[in-house]
Amino acid sequence: MSEKPGELSVNVNVNAPAVPQPEDATPYSTGLSYGLWCAGLVGACGIHRFYLGKVGTGLIWLATFGLLGVGQVIDLIRMKSLVKDANIREGRVPHPFQLARAQAAVGAGEPGRKLAAPLNLRQQLLKAAMGNGGEITVSQGVMATGRSFEEIEAVLNKMTDKGYVDVDNAPGSGVIVYRFPELVTRP
């Protein structure tokens, strides 16, 4: 990238930490779940729920004979989605929306490229500030990330406490502006 005199260029490389995987990252088995569901037919209702990490409802199913059989039948119909939800909840498989977003970022038809890890909230705010001359307001952070005002404000305040961000009021409007000193491109 060539720089023109008086032009400021900022390059930021951020390595997102890998999502921690459980020691036993093998996905839950649909077949085993169906097999455990069958154990409910001989009186062990809810064993499949224990296997999928739903201990509370497993106890209820065990004590009420699968909600008098109605819950057992519903679980039989929903077994695939119960297993899928448990795998996503435990981090054994990526959430379909995260996977689709990462695949869209990489682009179709580019073999050999790895999926980019989704940006964490601080990285999203940093990227939004870079696009706005090194400054960001809470409202701009909400628009850039889709998170709540309270969450954005809390993260920006923590970054301020650590000394990464300066806080000021915008002249005229008095709106609180968070400035990333390393990224400010305005005089």
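Contact is taken here to mean heavy atoms within 4.5 Å. In this predicted model, Val138, Ser139, Gly141, Val142 and Thr145 of helix 8 meet Phe149, Ile152, Glu153 and Leu156 of helix 9. By class, the residues of this contact comprise five nonpolar, three polar and one charged.

Helix 8 spans residues 138-145 and helix 9 spans residues 149-161. Their axes lie 9 Å apart, and the two helices pack at an angle of about 115 degrees. Angles of 65 to 115 degrees count as roughly perpendicular, and helix 8 and helix 9 are therefore assigned to that class. The crossing of helix 8 past helix 9 is right-handed. After helix 8 comes Gly146, which has a positive phi near 80 degrees.

Burial within helix 8 involves Val138, Gly141, Val142 and Thr145. Viewed down the helix axis, the buried residues fall within an arc of 100 degrees, so they line one face of helix 8. The elements covering these buried residues include helix 9, helix 7 (121-130), strand 1 (135-136) and strand 3 (176-179).

Gly141, a residue of helix 8, has a relative accessible area of 0%. Buried residues are those under 20% relative accessible area, so Gly141 is classed as buried. With residues up to four places away in sequence left out, Gly141 touches Leu125, Ile136, Gly146 and Ile152. Gln124 is 17 residues from Gly141 in sequence, and the C-alpha atoms of the two residues are 8.2 Å apart.

Key. Residues numbered from 1 in each chain as written. Predicted model: local features only at pLDDT ≥ 70, side-chain atom pairs only at ≥ 80, totals over all residues. Heavy atoms only, no water. Axes fitted to C-alpha atoms, helices over the stretch in contact; angles between N-to-C directions. Helix = DSSP H or I, 4+ residues; strand = E, 2+ residues; numbered from the N terminus. Parallel < 35°, antiparallel > 145°, perpendicular 65-115°, else oblique. Left-handed = near helix turned anticlockwise from the far one by under 90°. Nonpolar A, V, L, I, M, F, W, Y, C, P; charged D, E, K, R; others polar. Buried < 20%, exposed > 50% of the residue type's maximum accessible area, 1.4 Å probe, protein only. Arc of directions from axis to C-beta.
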